[in-house]
Amino acid sequence: MGMDAEAFVRDLDARNQALLRRLAPEATLKPEVAGDLSVVNLLKVALKNEIEATESAARWLATTAEIDVKLALARQVGDEAKHYRLIADRLHELGFDARGFDPLAKGYGPLFQYLDGLRTTVERIAAGQFTREAIAVVKNRQFIEFCEAAGDQATARLYRDVIEPDEHHHHELGRRLLLRYATTPDTQEAARRAATRTLELAEELQGMALRTGGIHHAPGC
Ligand SMILES: [Fe+2]
Ligand SMILES: [Fe+2]
């Protein structure tokens, strides 16, 4: 039996939030002034997330039929590209010139690849907007705390005042579109599967970043 769309989205949100708690670190970790874990290094990770989010939404924009979804993706493309530019500008202020930096030099990440393989509109909305952007909101809140602990109020402000509200808006776009398109048992099952896989990948990636690069508190997108 399928639920009505409103009950379905409420249920999916609750499942996502339960899994998202696993992405929260156990304790606030201290920024390293000299080591790898610095605001600059985390902003470089952010550039990769932003360009991947821009391109993922742009590819879907061209291969999605529904006009309201196209428009939501178009808005997202613009926002993620704007985030890239703002972060590059902030890196410049911090002494890193991002113009010669290619965040995709080592290729696209596994989450991008997974999202790029999704073919149906409902999976794309559930994974790329509703879930990925919920992850971004959690990660950005952690990153803002990290910036404040590092004494970097300007980066904290950029995330709090500009980037985080946009990511939250993307999540809300996902919610609105799911209410319209996740209306049958089949579409709801596909949406649930895509959301779960997105969270699993995010958790795996976070664990890998911590083990291999000592990276945590990286912002999301
Ligand atoms: Fe976003
Ligand atoms: Fe973004």
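The lining of the largest pocket comprises 23 nonpolar, 11 polar and 11 charged residues (Ala, Val, Leu, Ile, Met, Phe, Trp, Tyr, Cys and Pro count as nonpolar, Asp, Glu, Lys and Arg as charged, and the others, Gly among them, as polar). The model is predicted: local features need pLDDT of at least 70 and side-chain atom pairs pLDDT 80 or more, while totals for chains, interfaces and linings use all residues. Residues are numbered from 1 along each chain as its sequence is written.

A pocket is an open set of points on a 1 Å grid over the protein atoms alone, where a 1.4 Å probe fits, with protein on both sides within 12 Å along at least five of seven lines; lining residues have an atom within 4 Å of a point. The volume of the largest pocket is about 1,300 Å³, taken as the space filled by probe spheres set on the points. Its lining has 45 residues, and V45, L205, A209, I215 and A218 are the closest to the centre. Helix α7 (185-213) gives the largest share, 10 residues; helices are DSSP runs of H or I with at least four residues, numbered from the N terminus.

The second largest pocket holds about 180 Å³. Of its 13 lining residues, Q17, L20, A134, V138 and R141 lie nearest the centre. Two or more lining residues come from each of α1 (5-20), α5 and α6 (153-181).

Helix α5 spans residues 121-149 and bends by about 30° at R132 (the angle between axes fitted to the seven residues ending there and the seven starting there). In α5, 24 of 29 residues are buried, meaning under 20% relative accessible area with a 1.4 Å probe, protein chains only.

Notes: Chains lettered and ligands numbered in written order. Heavy atoms only, no water. Expected span 1.5 Å × (residues − 1). Buried < 20%, exposed > 50% of the residue type's maximum accessible area, 1.4 Å probe, protein only.
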